[in-house]
Amino acid sequence: MIELAYKKLLKPIFFKMDPEKVHDRMTRTGILLGKTSIGRAIMHGMFYYSHPSLKNTVAGITFDNPIGLAAGFDKNAQLYNILPEIGFGFAELGSITGEPCLGNPKPRLFRLPQEKSILVNYGLYNQGAQKIAHKHAHTKFKIPIGFSVAKTNDPSLSVEQGVQDYRKAYLHMHPLGAYTTINVSCPNTSDGITYQNPQKLALLLDALAKEKHLKPVFLKIKSDFTNAELAEIVDIAEKHPWVTGFIISNLRTNREGLKTSKTQIDQLSTKGALSGLPLQDQSNRAISFVSKRTNKIIIGCGGIFTGKDAYEKIKSGASLLQLITALIYEGPTVISKINRELVDLMQRDGYGRISEVIADARD
Ligand SMILES: Cc1cc2nc3c(=O)[nH]c(=O)nc-3n(C[C@H](O)[C@H](O)[C@H](O)COP(=O)(O)O)c2cc1C
């Protein structure tokens with residue numbers, strides 16, 4: 001009923017509007033609803049679902065269910081009161097950079113409905129680590145919250161200055177929340193530089209290794225990599241026991257091989273990278289490869305729309321899952337729908353707990 005209302009009434013209106021304007025309005029509505037106990041109770045009643053078999057402890061953190069919000073939806077960490085009520089088991093906020101960042105020029109978000117994808121060229125718009133950390137110095141979060149840190153989108157920064165910028169964001173954000181993610185894979189920086197390059201990654205991790213690591217730390221990477229490239233990244237991270245695991249993956253940079261031609265996508269914007277369904281297979285492949293190469297924990301992300309998609313990522317080696325695009329295309333009921341379907345699939349296969357599926361996959 002609520003799903004139908006979103007798809008038949010709200011979505012057609014939203015999809016006629018500029019995507020960033022819709023996102024800003026949804027954020028304002030979410031902040032407002034999260035402020036009052038009545039708002040939270042209504043959202044909880046409409047969207048929340050839990051099942052004991054989904055509860056699990058990963059990296060020492062207990063999650064009521066494995067479905068988390070991926071980084072990029074709540075860039076300034078404002079929706080922490082409402083996200084638990086719509087059923088997320090955890091949420092990653094940010095990415096947050098050392099300095100405040102306006103992001104790339106607008107328009108910087110485009111829908112590709114035929115692909116169930118968003119073309120994203122935000123460029124790390126956020127208020128900066130100092131302001132966001134100050135706001136959350138005493139916040140008690142209802143679900144595990146991860147803070148994602150990234151390098152300020154400023155092409156004048158040298159590689160060394162970039163490392164210091166990451167460090168600044170890390171020092172502000174790591175003491176807060178349940179875990180920290182180092183986003184080394186934002187494809188939308190104005191200089192096109194990411195810290196996934198082996199030399200830069202080694203430099204960054206060696207620099208951060210000197211800091212106190214109080215919580216689990218994840219590295220977020222993209223999945224348009226060959227196995228050899230993935231192996232190199234994993235082997236660099238293996239030298240750092242404080243790196244708990246990987247988030248696989250960030251947006252897809254390759255525009256080939258889709259129903260929509262590269263030329264059509266280029267007409268929307270030559271800049272930006274793709275979320276959603278076009279990412280699904282390549283992220284599953286990367287998860288599967290990485291899970292065989294390391295014992296580090298994997299958070300699977302990219303093109304999860306159904307319980308089957310979620311189950312496939314867990315079977316590929318993921319212990320937790322994240323999504324954004326499904327929320328935009330299907331509405332908030334998608335979280336409980338995925339969780340319900342996941343419970344059904346586990347029961348079909350004779351699993352009593354999600355930890356058993358994960359253990360079997362990583363055997
Ligand atoms: C609008 C938008 C903004 C994003 N911004 C970020 C970001 O700031 N940091 C980050 O690590 N990933 C960011 N991402 C990537 C997502 O976290 C996720 O890795 C990707 O969208 C794949 O998941 P999905 O297919 O469920 O959307 C963004 C994605 C979208 C759609």
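I began with Leu124, which lies in the loop between β6 and α4 (129-135). Its phi is positive, about 65 degrees, although Leu124 is not a glycine. I noted this because most residues other than glycine have a negative phi. Leu124 has 24 C-beta neighbours inside 10 Å, so it counts as buried, the cut-off being 20 or more. I keep in mind that this is a predicted model.

I looked next at Ala77, in the loop between β3 (67-69) and β4. Ala77 is not a glycine either, yet has a positive phi of about 55 degrees. Buried or exposed, I asked of Ala77? Ala77 is buried, because 25 other C-beta atoms lie within 10 Å.

**Entry: overall form**

I counted 13 helices and 13 strands in the protein chain. The C-alpha trace spans about 55 × 45 × 45 Å along its principal axes. For 363 residues a compact globule would have a radius of gyration near 21 Å, and the protein chain has 19 Å, so the two agree. Buried residues are 49% of the 363. Of the contacts with a separation of 6 or more, 78% are between residues 24 or more positions apart.

**Entry: the barrel**

Which strands close the barrel? I traced 8 strands in the order β3-β4-β7-β8-β9-β10-β12-β13, with parallel pairing. From one strand to the next the twist averages 30 degrees.

**Entry: the hairpin**

I then turned to β5 (residues 109-112), which runs antiparallel to β6 and is joined to β6 by 4 bridges. Phe110 stands opposite Leu119 in β6. The two strands form a hairpin with 4 residues between them. Lys116, in the turn, has a positive phi of about 50 degrees.

**Entry: the ligand shell**

How many residues surround the ligand? I found 27, the closest being Ala70, Ala71, Gly72, Ser275 and Thr325. By class the shell has 15 nonpolar, 10 polar and 2 charged residues. I also looked up which elements contribute: β6 (117-120) and α11 (325-330) each supply at least two residues of the shell.

**Entry: cis peptide bonds**

Most peptide bonds are trans. I noted a cis bond between Gly94 and Ser95, with omega about 10 degrees. Ser95 is in strand β4 (residues 90-97), and β4 is one of the barrel strands. A cis bond also joins Lys106 and Pro107, with omega about -5 degrees. Pro107 sits in the loop between β4 and β5.

**Entry: Arg255**

Where is Arg255? I found Arg255 in the loop between β10 (245-248) and α8 (262-268). Arg255 is partly exposed, because 19 other C-beta atoms lie within 10 Å and a buried residue needs 20 or more. Leaving out residues up to four places away in sequence, Arg255 touches Lys262 and Ile265. I also took the C-alpha separation of Arg255 and Pro278, which is 9.0 Å for residues 23 apart along the chain.

Technical notes:
Residues numbered from 1 in each chain as written. Predicted model: local features only at pLDDT ≥ 70, side-chain atom pairs only at ≥ 80, totals over all residues. Rg over C-alpha atoms; globule rule 2.2 N^0.38 Å. Buried ≥ 20, exposed ≤ 12 C-beta atoms within 10 Å, placed from the backbone. Contact = placed C-beta atoms within 7 Å. Near = placed C-beta within 6 Å. Nonpolar A, V, L, I, M, F, W, Y, C, P; charged D, E, K, R; others polar. Pairing = 2+ DSSP bridges. Axes fitted to C-alpha atoms, helices over the stretch in contact; angles between N-to-C directions.
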